[in-house]
Amino acid sequence: AQKPVTVTVTGAGGQIGYALLFRIASGAMLGPQTPVRLRLLEIPAGLKSAEGSALELQDCAFPALESVEVTDDPARGFDGANVALLVGARPRGPGMERSDLLKANGAIFGPQGAAINAHAAEDVKVLVVGNPANTNALIASAHAPDVPPERFNAMTRLDHNRALAQLAQVLDVPVASISNVTIWGNHSATQVPDISHGILTGPDGTQGSLVGALAKAIGSAQDMAQWFATTFIPRVAQRGAEIIEVRGSSSAASAAAAAIDHVHDWVLGTGSSWTSAAVVSDGSYGVPRGLVSSFPVTSQQGSWHIEQQLEMGADVRERLEVSVNELVEEREMVRSLGLI
Ligand code: NDP
């Protein structure tokens with residue numbers, strides 16, 4: 001029998017939590033054979049909702065679900081955690097400045113980082129979903145000096161999946177036939193989708209350039225470049241707002257699905273093609289060391305590796321600089337607020 005894995009979800013009583021818990025418990029994240037012990041961490045106001053989910057989880061009679069515990073005590077919530085999904089965060093309220101937002105989230109992610117440091121399992125892997133995700137991950141990591149910074153990630157997989165879906169639609173091909181697309185930088189409006197290394201695999205297995213296929217579908221290389229800058233990038237970066245407008249509330253199931261994908265690939269490994277994840281920078285591609293920034297990554301044996309030596313066009317380089325500058329500013333702000 002496989003060893004049980006303890007999975008902690010914060011903000012478990014929220015929208016994303018509701019879409020996430022049942023998929024974790026069904027085995028979608030760690031495989032159907034891996035027993036899961038769920039810990040639902042909430043603030044007191046969210047406890048009832050999380051308790052309701054715990055009852056429904058019981059009623060699903062998932063074979064892999066060993067136990068569910070609901071708590072508002074971070075020490076208990078992170079006790080023995082092998083995987084922690086930090087979803088609960090303070091949303092931006094009306095008239096809230098960025099520094100207010102960072103301060104409010106520092107008060108959540110600092111203590112959570114400390115609780116992870118003190119109580120989580122030695123192999124803990126942490127994925128931050130709550131926004132501003134990259135900087136929240138930085139804050140949590142700074143409060144967990146005994147946990148290697150590589151184990152604190154922020155989620156850009158939803159942006160990545162949105163990009164794949166848009167491309168598949170334009171080309172009228174299955175999503176799975178598109179690979180090696182990248183989201184660089186911050187999970188924010190400055191994020192940098194990059195298709196320049198993309199590969200399109202045909203039904204017979206032949207591989208060709210994604211950019212070439214797009215130029216053909218759209219008309220010309222020039223039209224494609226225009227489409228990329230004025231239609232594709234805004235579509236991906238503003239998809240969240242589009243969902244809110246149509247659905248009446250923010251995306252939840254797709255955010256949860258992306259979190260499942262991220263942890264699945266981190267733990268169980270990627271194939272030969274890469275995905276996108278915000279991981280601590282080792283200085284690759286000129287991103288200052290220590291920042292949590294999105295890169296093209298593969299995972300083997302539970303560790304992410306940043307794809308090296310990809311050629312970067314001037315356009316991607318310029319956009320990445322803007323996004324990285326935003327991350328640097330956020331880091332300076334949380335430093336000056338004493339949050340890291
Ligand atoms: P959601 O479950 O909808 O969202 C949770 C967080 O995920 C938000 O910060 C949101 O950021 C972020 N997020 C990241 N990507 C996406 C995306 N693509 N679409 C939507 N959201 C995204 O929020 P709810 O208000 O429903 O639930 C939050 C829960 O967290 C509440 O139950 C609350 O009690 C709890 N909470 C728990 C804390 C804790 O455990 N210590 C601390 C704070 C809150 P954005 O707002 O920018 O969209």
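Mentor: Happy to! Let's start with the record: UniProt, in an unreviewed entry, places the feature "domain: Lactate/malate dehydrogenase N-terminal" at residues 6-145. UniProt positions are in the numbering used here, feature names are shortened, and annotations may be inferred rather than shown by experiment. Residues are numbered from 1 along each chain as its sequence is written. This is a predicted model, in which local features need pLDDT of at least 70 and side-chain atom pairs count only at pLDDT 80 or more, while totals for chains, interfaces and linings use all residues.

Over residues 6-145 the chain is 44% helix and 19% strand, with the end C-alpha atoms 21 Å apart. Helices (H or I, at least four residues) and strands (E, at least two) are DSSP runs, numbered from the N terminus.

Now to the ligand. The shell around the ligand holds 28 residues, and Gly11, Gly14, Gly46, Gly88 and Ala89 come nearest; a residue counts as near if its C-beta atom, placed from the backbone, lies within 6 Å of the molecule. By class, the shell has twelve nonpolar, 14 polar and two charged residues. Here Ala, Val, Leu, Ile, Met, Phe, Trp, Tyr, Cys and Pro count as nonpolar, Asp, Glu, Lys and Arg as charged, and the others, Gly among them, as polar. Helix α1 (residues 15-26) gives the most to this shell, with three residues.

Glycine 11 sits in the loop between β1 (5-10) and α1. Glycine 11 counts as buried because it has 24 C-beta neighbours inside 10 Å; the cut-offs are 20 or more other C-beta atoms within 10 Å for buried, 12 or fewer for exposed, and partly exposed in between, with C-beta atoms placed from the backbone. Leaving out residues up to four places away in sequence, glycine 11 touches Gly17, Glu42, Gly46, Val87, Gly88, Ala89 and Gly130. Contact means that the C-beta atoms of two residues, placed from the backbone, lie within 7 Å.

Isoleucine 16 lies in helix α1. This residue is buried too, because 24 other C-beta atoms lie within 10 Å. Apart from neighbours within four places in sequence, isoleucine 16 is in contact with Val87, Val129, Ala252, Ala255 and Ala256.

The ligand brings the picture together: its shell draws at least three residues from each of domain 1 and domain 2.

Note on methods: Domain bounds come from an automatic or database domain assignment.
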